Amino acid sequence: MWSDNETDLDLLGFDFLVDELVVALTQPQLLPLTVGVLGGWGSGKSSLLKIVAAELSQMDGPESGRYVVVSFSPWQYEGYEDIKTALMESVLTRLGDLVEEETPEAAEVGRLHQMVDRLRRPARRLGHAALSAAPTGVALAASLADPALGDMVSTLTQQALAGVAPASSEGTDEAFPPAGEAEQLYVDVGTFRQRFSELLASLPQVSAVIVMIDDLDRCLPPTVVGTFEAIRLFLNVEKSAFVIAAHAEVVQAAIDMRYPGLGRPGTTGLGAEYLEKMLQVKVNIPALSAPEAETYMHLLLAQSHLDEASFTQVKDAVAQRRRQSALAVALNAGLAAQTLGQQMPERLRSDMSWAAQTAPVLGSGLRGNPRQIKRFMNTLTLRLASAERRGTTLSPKVLAKLMVLEEQHLSDFQKLFDWQVQGPGAVSRLAAAERHVQPSPPAPADDAAQPGGQPPGAAQSGDGRRNSSRRRAGTAPGTPAPDASGGELDEEVGAWADKPHIAAWLLLDPPLAEVDLGPYFTFARARLTLAASTARLPAQVQELLGKLQSDVRGQRRAAVGSVAGSVSGQDLPVLVEHLLQIVLRDPTGPAMDGALELAQAVPSVVLALCEVLRMIPLDTLRPKLTTIVRRLPAEDASVAALLDGWQNSQHPISRLVGDLRQSGIGG
């Protein structure tokens, strides 16, 4: 098992990013400096900061000084403290640990602590907006906005100094100080900044104070903006640097919400421009490529199976290979055996085998995200251990292949489970799907071949494109395709297997056609309990439920027609309840399409569907949002209430809902 926390052990090959950061932060001529370490959640930002902090702490700076690293998480202070003064206190406390007691420098640190306390008092009394209301705070927003917005920024300044909260404070308990107190804050801000700068200049043992700010993208908009304001207004002086690790889009959205209405005309808001001006250097963390993901998985396995000395040996060998070829696989079973020789554990060799088979699909499906890859491997390890405890033997290779489908395409995994519960043993439909995607063997030489090298019956479509390579020659379009054995393929199986991601998954080793998958599904029951309960439904309802979540549009339409025409009043609520539970579990799957089509035909379904849609985050619904707004009956009161709620929320997608309604989609 592997911890989900950040680490100072580099398993991701981030040494080139470490070098980039260390070089930038140790150039005196670049200070003061604000660096952005930008990447998605789980991309490795926190670990990168920890590695860089450890390296800087061991380095000597110019003139025998040292780099003083301050780690700060604004998320930990949210709701308890004014974030600006919390950041200032953290930096001063770290400096206080460095200076000797009863020295002028120690006394100055104490006086700066007192100034921070004075700055904190109006923030406590008047709300977190107090410091932002000072002329300097408003000037910060002005300096980051487009010059064409001067009138708007001037209005914002007048509102602040007049004690009127701007639009971003409506509905909160924040209040702005009167003009006289704001002017005093302005004086205190300038005094603190000057004296803090002089303090750093008086410490020859300090080459630079480097503040590592993490978790900013977990914070609410006032905290995000407050952190930037603390940097720019108070602490951004000579011999200081700030490294901000964040998801750029999340931070931009927070700034847009904090300063609504500002920004260049035609843009979504001020966020992108604000971030551009705040960050002098940007270090973007790339997603892991497929070879990098495979190397990372193998390193995690090696860490789990090897003692410290052997793992260090493997890790050093990986680092050497990465220097030779950054984008090639730097560790697998063969390379590990070369490094370890006879010391290679057989269990490690076996685990690296399934990791190599699943890494290409897993790496692309999880978008090269290290945290998601680690969580996948933790889940797999837990399931294997649980099975062993129950006396059940599971193949790691089979389990890994099934989990790839479960994690990336839950509705397709559900389909496979539905086929499994129809009877014990191997899944016959899965066997047909595997045969269906196998590459066709080359056609034998035939003297009777038609001109141009085509065998008899090789049809061309009207636009000159060949029919699917998996469809046997001579099969008329619109008829069920035969599988590779020559038998007619079920339409539902064909539609499932013809999805590109399913075809790629089916071709992964090992084949599953002859495997009883029942024991493997046992450990995914938390996500499949509904499907298991369908076995107790009436046969007609169970059949309709399966068709309503089919990928084949014709099957869904036929099921909707059957429900509207023949399902009894007693069975309809049961059918709808089960269907909507599937929608809750997989909101972007085909069950959502079936539910929307059913709601169009059966008005009594609309209210229940709207209640379920309210429970699903808008971010999750985004891929289906246009379809949802278009298909829901806009004249229904519950639909109007749902769409009004989405449109009036402060979520970034709310604007899209309004645009869809205004354009006439959904009425």
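Mentor: Start with helix α8, residues 179-201: Phe 192 and Phe 196 are 4 residues apart in it, so about one helical turn separates them. Keep in mind that this is a predicted model.
Trainee: How are the rings of Phe 192 and Phe 196 arranged as an aromatic pair?
Mentor: They are stacked. The centres are 6.0 Å apart, with 10° between the planes.
Trainee: Are Phe 192 and Phe 196 buried or exposed?
Mentor: Both Phe 192 and Phe 196 are buried.
Trainee: How many aromatic pairs does the whole structure have?
Mentor: A search finds 7.
Trainee: What about Trp 496 and Trp 505?
Mentor: Their ring centres are 6.4 Å apart and their planes meet at 75°, so that pair is edge-to-face. Both Trp 496 and Trp 505 are buried.
Trainee: What sits over the ring of Trp 505?
Mentor: The charged end of Lys 401 does, 5.1 Å from the ring centre.
Trainee: Let's talk cores. Which residues touch the most other members in the largest nonpolar core?
Mentor: Leu 416, Trp 496 and Trp 505. That core has 93 residues.
Trainee: What does Trp 496 touch, leaving out residues up to four places away in sequence?
Mentor: Its partners include Leu 405, Leu 416, Trp 419, Leu 430, Ala 433 and Trp 505. Asp 412, Lys 415 and Asp 551 are also among them.
Trainee: Which residues does the second, separate core include?
Mentor: Ile 83, Val 99, Leu 203 and Phe 234 are among its 51 residues.
Trainee: Why do cores like that turn up?
Mentor: In soluble globular proteins, nonpolar side chains tend to be buried together.
Trainee: Back to Leu 430. Where does it lie?
Mentor: Leu 430 is in helix α19. Its relative accessible area is 0%, so it counts as buried.
Trainee: Which residues is Leu 430 in contact with, beyond four places in sequence?
Mentor: Leu 416, Trp 419, Trp 496, Trp 505, Leu 506, Leu 512 and Leu 517. Look at Ala 513 too: it is 83 residues from Leu 430 along the chain, yet their C-alpha atoms are separated by 5.9 Å.
Trainee: How many residues of α19 are buried?
Mentor: 7 of its 10, so the helix, residues 428-437, is mostly covered. Those buried residues are Leu 430, Ala 431, Ala 432, Ala 433, Glu 434, His 436 and Val 437.
Trainee: What covers them?
Mentor: The cover includes α17 (396-408), α18 (410-421), α20 (491-497) and α21 (500-506).
Trainee: New topic. Where is Gln 549 found?
Mentor: Gln 549 is in the loop between α24 (539-548) and α25 (553-566).
Trainee: Is Gln 549 buried or exposed?
Mentor: Buried, because its relative accessibility is 11% and the cut-off is under 20%.
Trainee: What does the side chain of Gln 549 reach?
Mentor: It reaches the backbone oxygen of Leu 545, at 3.3 Å. Leaving aside neighbours within four places, Gln 549 is in contact with Gln 414, Lys 415, Asp 418, Ile 582, Pro 590 and Ala 591.
Trainee: Now the backbone. Which residues does a cis peptide bond join?
Mentor: One joins Leu 31 and Pro 32, with omega about 0°. Pro 32 is in the loop between α1 (15-25) and β1 (33-38). Another joins Asp 509 and Pro 510, again with omega about 0°. Pro 510 is in the loop between α21 and α22 (518-521).
Trainee: What is phi for Glu 102?
Mentor: Positive, about 55°, although Glu 102 is not a glycine. Glu 102 is in the loop between α3 (83-98) and α4 (104-126). With a relative accessible area of 82%, Glu 102 is exposed.
Trainee: And what about phi of Lys 239?
Mentor: Also positive, near 65°. Lys 239 is in the loop between α9 (221-235) and β4 (240-246).
Trainee: Why point these out?
Mentor: Most residues other than glycine have a negative phi, and most peptide bonds are trans.
Trainee: Last one. How many helices and strands does the protein have?
Mentor: There are 32 helices and 5 strands. Of the 667 residues, 49% are buried.

Terms used. Residues are numbered from 1 along each chain as its sequence is written. This is a predicted model: local features need pLDDT of at least 70, side-chain atom pairs count only at pLDDT 80 or more; totals for chains, interfaces and linings use all residues. Side-chain values use heavy atoms; hydrogens and water are left out. Helices (H or I, at least four residues) and strands (E, at least two) are DSSP runs, numbered from the N terminus. Buried means under 20% relative accessible area, exposed over 50%, partly exposed in between (1.4 Å probe, protein chains only). A polar contact is a pair of N or O atoms within 3.5 Å; within protein, one must be able to donate a hydrogen and the other to accept it, and residues adjacent in sequence count only if both atoms are side-chain atoms. Contact means heavy atoms within 4.5 Å. A nonpolar core is a set of buried Ala, Val, Leu, Ile, Met, Phe, Trp, Tyr and Cys residues joined through side-chain atoms within 4.5 Å. Rings of Phe, Tyr and Trp (its six-membered ring) pair if their centres lie within 6.5 Å; planes under 30 degrees apart count as stacked, over 60 as edge-to-face and the rest as tilted. A charge sits over a ring if NZ of Lys or CZ of Arg is within 6 Å of the ring centre and within 35 degrees of the ring normal.
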